[in-house]
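Trainee: I've got a new model open and I'd like to learn how to read it. Could we go through a few features together?

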Amino acid sequence: MSRWEEFVRRWYRAAYPDDPQLAERRIDRMLGAVRDVGAVGELAGNPLLLTILAAIGQSRTIPRERREMYAHAIEVLIERWDRDAKLLAPPTPCTTDVAHALEGLTVSRRLKLLERVARRMQEGVGSPAGTFIHHDDLIEIVRDFLVESNVGASVAMAAARELVDHLRTRNFLLAHYGGGLYGFVHRTFMEYLAALDLLRRRDEEEWEREELVALLAERAQEPAWHEVLLLMAGKLRQKDVAAFLGRLLELYWASEAVRGPMLPLAVRVLAEVEEVGPPREDRKRAALSVGAQSDAIVDALIFHAVNWSPFRPPRPALRTFDHFWSGRERYLRWYRGRVAAGSGNSQAAWVVASLTRDIDEALRLLDDPWGDRAGHHLLPELSRWSAKEKGLDYVLRVAAGEGMAHRPEAFSLLGRLWPHEERAYAAVLAGVSAGHVETRVAAIDSLRYWADRPDCLDTLLTASDSDVPHIRRAALAALAVFPGDRALAALEAGLTEKAPEARRTALSSQVSRFLRSGDKARKLVLLATADDDAEVREFAYSATAVFWPEHEETRKTALSALDESEPEDRATVLRAFGGKFPTGVGGAAVRRSLTDPDAEVRKAAVAAMEEWPDHAEDVADALVKAAGDPEPTVRVRALRALSDRDGALDPLLAAGTDEDAGVREAAVILLGRHSADEEAFDGLLHALEDESPDVRIRAIVSLRDAVTRPESARPALHTPLFDPDPTVRAAALEALTLRWPTHPETHAATLAALTDPDPTVRADAITALAVRHPDQAHPLALRAATEDDSPETRSRYLRLVTLLWPDDPATLPLLTDRAQHDDSDQVRTTATEGLARLRWLATEIA
């Protein structure tokens with residue numbers, strides 16, 4: 001039992017000595033709040049605050065909304081401050097004026113004073129003082145506050161000194177931490193009070209809307225302010241919060257540097273708003289509509305999923321949107337359209353998994369045979385409901401192959417969510433003996449979650465002797481977490497395996513087992529640099545470079561390989577160690593490798609020099625020379641190495657006319673990073689006319705993703721809509737619908753593409769139309785599912801109709817007809833799968 005749990009039990013039993021049943025009910029209520037409500041759990045770690053939470057819980061349910069909970073806690077603390085301050089003897093006798101000044105600090109005025117203190121402290125976050133305030137600064141704030149209330153300066157100073165001296169005797173909301181420094185008893189209170197201060201100043205019209213939004217946007221670029229912004233967002237006026245969201249999105253689209261943090265922050269701010277509302281049809285008024293900004297955030301989430309910029313979805317915020325948030329259905333329509341086209345991706349699946357509203361939706365996502373990406377991201381969602389028997393029952397059925405889809409990852413879920421359930425362990429053991437190799441591998445891998453069971457080790461040791469290399473490899477990987485000599489002996493035996501993959505796994509497990517610092521592991525890895533298999537040698541060199549780069553024997557082995565080994569090993573050593581050798585003998589060896597007869601060695605040498613510091617001798621000149629290498633792959637690697645260095649633009653522009661299409665394609669990708677430069681932007685426009693369709697497509701993507709000149713890029717991307725190559729036309733349509741989905745010309749281009757001669761482009765147009773205009777897309781998809789000439793696209797339309805409109809009266813007859821009468825086996829199979837899906841959706845998860 002944790003200390004806080006013990007405290008709660010003792011507190012309520014002492015509070016209700018004559019009513020033990022009531023005490024137990026209050027205990028259960030408080031423990032549940034601490035476990036389930038993040039804000040309550042954060043405060044419960046502080047003994048003073050836990051006492052206050054217990055007091056709140058004595059008379060009412062603990063608020064689940066954190067702003068309300070903080071408000072109640074602060075109210076209790078201020079009232080206690082006001083009451084206890086009257087009982088404390090002043091260090092020096094008060095004058096009548098000082099006493100009156102302090103009596104004038106009512107609860108509401110003390111709150112306002114604390115807001116001022118929080119403002120000063122929050123503005124100092126990141127400074128040497130951090131979240132503390134000095135004694136003299138605190139007195140100054142109190143004095144100025146009293147002076148504003150018409151208290152004379154000398155009386156205000158005396159009252160301020162007395163009030164601050166109280167804090168040395170008794171901690172209230174503010175506590176004395178020694179050294180003349182004061183701080184809030186919990187950082188959350190500082191952030192909440194700083195948020196109240198901002199709200200109060202807006203209510204008192206200290207700022208106009210534009211001034212407020214400019215201030216908030218500036219603070220948004222400082223992570224230490226994010227919680228303050230979130231705490232105030234839910235209480236801002238609707239038009240203010242809409243304008244703030246709009247500014248966050250402007251920052252997102254305007255700069256690669258802030259693109260990553262701005263979008264998650266915008267989602268979190270939106271999640272704080274109590275009523276999102278529908279988007280406004282009037283585009284002029286949309287800027288001050290939370291509903292319109294909600295739509296814009298969904299557009300950015302969709303774009304980001306395809307753009308592949310680094311992104312960690314704000315999962316807790318996404319989970320809070322209610323059933324009626326329009327953004328959820330629109331995002332799911334887009335995602336399901338991608339699934340229907342066979343192009344779902346992991347970034348989008350993260351968001352989809354976070355949008356599941358209950359355990360049934362999460363389990364459907366896990367077991368969806370058409371959407372195989374989201375299942376890998378369901379662990380955090382299913383963990384929310386792991387206590388529900390339904391979750392375990394269904395995952396057990398999926399693991400046993402009794403679900404709609406083949407989902408080997410179900411075994412990992414069993415191990416991570418239910419390691420203490422005997423049924424989960426039994427299901428994994430059954431999977432180890434399954435007939436399907438992929439199932440057996442997944443089951444063996446998940447046995448690592450039962451490393452404390454002796455019989456589990458026996459199972460793994462048996463699997464490590466399997467005739468199937470994949471099974472042996474999985475067993476050796478899992479054995480890395482098992483203690484004891486038997487597991488170690490199996491791993492050592494694995495080093496002599498015939499299968500190279502198994503030897504590499506055994507070696508990796510040994511390194512992991514010895515915590516990468518033991519000398520025995522280093523010697524084993526060095527021995528493996530002489531293995532017969534190139535991939536084993538590559539792993540060995542990489543491991544030595546990562547874990548023992550400075551060891552004398554390690555460096556000697558690497559330098560020897562650069563001079564004496566085969567080209568394959570020279571390239572391997574350069575990839576592993578080259579970046580660590582900018583000077584000395586190693587640096588000279590890397591430079592010599594730039595003229596090696598083998599192209600892979602030269603390419604690895606270029607990659608090594610890319611890691612060297614800019615001040616390393618002749619790096620830029622060497623890379624520029626490599627950009628003229630006779631081998632295209634070396635030229636591409638040199639361009640990548642040059643792309644972020646000074647003077648990169650000239651070689652990138654020159655590569656735009658290279659004889660090799662692959663080099664030109666790489667140059668276009670890299671020019672996209674410099675699209676703010678006029679020459680680079682012109683180079684991208686010129687690439688739209690390249691003879692290679694692949695280069696033209698890369699130019700489209702680079703222009704789509706360019707954070708600058710969007711209004712120059714957009715009209716340029718309408719030209720490729722008429723390209724002779726259908727893949728280029730499809731790329732242009734996707735770029736417009738992703739980057740500028742609400743522009744009227746984008747909608748016109750989508751409608752025009754409905755009559756494109758290529759069936760895939762037409763299908764892309766209907767799929768894009770379904771995201772924003774499902775009523776327009778639906779009849780088109782129904783007709784195309786029977787009339788399109790291509791079996792592949794007819795199948796795609798059937799999946800689209802089934803995924804987007806499963807309950808529509810036309811869906812079942814369409815699938816039945818196609819399953820019986822289509823002349824394509826592929827289409828009949830898809831229709832049959834669609835019918836099975838409808839039956840599955842109609843069956844309640846038991």
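**Strands and helices**

Mentor: Let's begin with a facing pair: Leu 174 sits opposite Phe 184 of β3. This model is predicted, so local features need pLDDT of at least 70 and side-chain atom pairs pLDDT 80 or more, while totals for chains, interfaces and linings use all residues. Residues count from 1 along each chain as its sequence is written, and side-chain values use heavy atoms, without hydrogens or water.

Trainee: How many bridges link β2 and β3?

Mentor: Strands are DSSP E runs of at least two residues, and helices are H or I runs of at least four, numbered from the N terminus. Two strands pair if DSSP finds at least two bridges between them. Here β2 and β3 (residues 181–184) share four bridges, in the antiparallel sense.

Trainee: What is the strand order in the open sheet?

Mentor: The order is β1-β3-β2, with antiparallel pairing.

Trainee: At what angle do the axes of α44 and α45 cross?

Mentor: Axes are lines fitted to C-alpha atoms, for helices over the stretch in contact, with angles from 0 to 180 degrees between N-to-C directions. Helix α44 (residues 759–772) and helix α45 (residues 774–787) cross at roughly 150°, their axes coming within 7 Å.

Trainee: Which residues of α44 meet α45?

Mentor: Contact means heavy atoms within 4.5 Å. In α44, Ile 766, Leu 769, Ala 770, Val 771 and Arg 772 meet residues of α45, among them Leu 780 and Ala 784.
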